[in-house]
Amino acid sequence: MFLIMRRGVVKTIQTIVAVMLSVAVSAGAAAASKTTAVTGTVNPVNGMLTTSAAFTYSFPEVSGAYIAVAAGTTAYSATISVAGTSRTYIVMRPVAAPSSSAPPPLLVLLHPLNTTPVQMANLTEVTKFVATQGFWVVLPQAINGQWDDDPALTPPTDTNFISALITAMVAQGVDATRVYAAGYSDGAFMSERLACELSNQIAAFGIDAGAVISSSPTYCKPAVQRPKLYILGTADNIVPYNGGMVGVDSAAASMAFWVGQQHCGGTVATTLPTLVSDGTTVQLTDYTGCTAGHDLRLYTVDNGGHAWPNGLTQSVGKTTQNLDATGIIWSFASAYHL
């Protein structure tokens, strides 16, 4: 059983949780042999990664679990003390040291409820993008597996943690002007809170399987508007596309909130090409003419469930293979800087 919830709303659903990848990872998994570096490009339409060769992986144990690490990258766990509390996180990065003349960008990637950074790294396959695109990823761990995502109910404890974590990563060499945040489910709601409270440090946001919290008109007062990308499935029964989750807006109301904040003037709708006949299609709604925040997008996955598109887990409902959430969020966000 896989428990998915936001604060105050609980649903227990039978599902396949294959977040340890589709391969069986054993305690005896050996380090990958040296291979020629794999290069790759991300399709800006659907986020799919095209590579020069197949990846070779190692499966080190990090924070008590096995994590897939593409050749040329590394992963390690660390802690940071924030307001007297020790907080843990995982870093995934290229093996090569950062260049002082071209410091790497950073993606803050936030896990769903009752999961871990290792599970989030594995299901998103972010290691492939680290290897080919050269950015760093930091995956924080929520206390007791749940983010303080609603400012109406919780203090900014996690916001402060992530702010301190970004500062620490900048000290290690990442580009302070090119920091991005994205999350899935409970992590999506936390990413949204960061868009409200940490826009002075984060240049763009990705929100998958999460919508605007109803308290946002009262509590969401960004210092500056930033670009945002949403991915929502029409068959998501955890965060319903048309509303119905207590304290959470529908997709339309969520976009209307940000349209008002970012002063967008119109929309352009595009249907993405169908790559795989998996029962899903994807439509992009691009909100145009935004005079604040530059860009606002909604990817609607028709018949899609509560899932990370093209991720290595069948969470709740269909996981589309016609959009790659990791790739499209990176392609979108990486165009921006503070």
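1. Helices (H or I, at least four residues) and strands (E, at least two) are DSSP runs, numbered from the N terminus. By this definition, the chain has seven helices and 18 strands. The model is predicted, so local features need pLDDT of at least 70 and side-chain atom pairs count only at pLDDT 80 or more, while totals for chains, interfaces and linings use all residues. Residues are numbered from 1 along each chain as its sequence is written, and side-chain values use heavy atoms, with hydrogens and water left out.

2. A residue is called buried under 20% relative accessible area, exposed over 50% and partly exposed in between (1.4 Å probe, protein chains only). Of the 338 residues of the chain, 56% are buried. A contact means heavy atoms within 4.5 Å. Among contacts between residues at least 6 apart in sequence, 68% join residues at least 24 apart.

3. A nonpolar core is a set of buried Ala, Val, Leu, Ile, Met, Phe, Trp, Tyr and Cys residues joined through side-chain atoms within 4.5 Å. The largest nonpolar core has 46 residues, of which Ile67, Met92, Leu109, Val137 and Tyr299 touch the most other members. Helix H7 (residues 325–333) gives the most to this core, namely six residues. A second, separate core has 42 residues, including Ile80, Ala251, Tyr287 and Cys290. In soluble globular proteins, nonpolar side chains tend to be buried together.

4. Leucine 109 deserves a separate remark. Not counting residues up to four places away in sequence, leucine 109 touches Met120, Thr124, Val126, Val137, Val138, Leu139, Pro140, Ala182 and Trp308.

5. Helix H2 (residues 126–133) is largely enclosed by the rest of the structure, because six of its eight residues are buried. These are Val126, Thr127, Lys128, Phe129, Val130 and Thr132. Lysine 128 counts as buried because its relative accessibility is 16%. Not counting residues up to four places away in sequence, lysine 128 touches Leu49, Phe55 and Tyr57. Just after H2, glycine 134 takes a positive phi of about 80°.

6. Serine 63 is in the loop between strand S6 (61–62) and strand S7 (65–66), and at 55% relative accessibility it counts as exposed. Asparagine 303 lies in the loop between strand S18 (296–302) and H7; at 32% relative accessibility, asparagine 303 counts as partly exposed.

7. On a 1 Å grid over the protein atoms alone, a cavity is a set of points where a 1.4 Å probe fits but cannot get out, and a pocket is an open set with protein on both sides within 12 Å along at least five of seven lines; lining residues have an atom within 4 Å of a point. Grid points are joined across faces, edges and corners, and a volume is the space filled by probe spheres set on the points. The largest pocket holds about 220 Å³ of space. Of its 14 lining residues, Ala37, Val38, Ala71, Gly72 and Ala131 are the closest to its centre.

8. The structure holds three cavities of 30 Å³ or more. The largest cavity has a volume of about 80 Å³, and helix H4 (186–197) and helix H5 (216–219) each supply at least two residues of its lining. The largest share of that lining, four residues, comes from H4.
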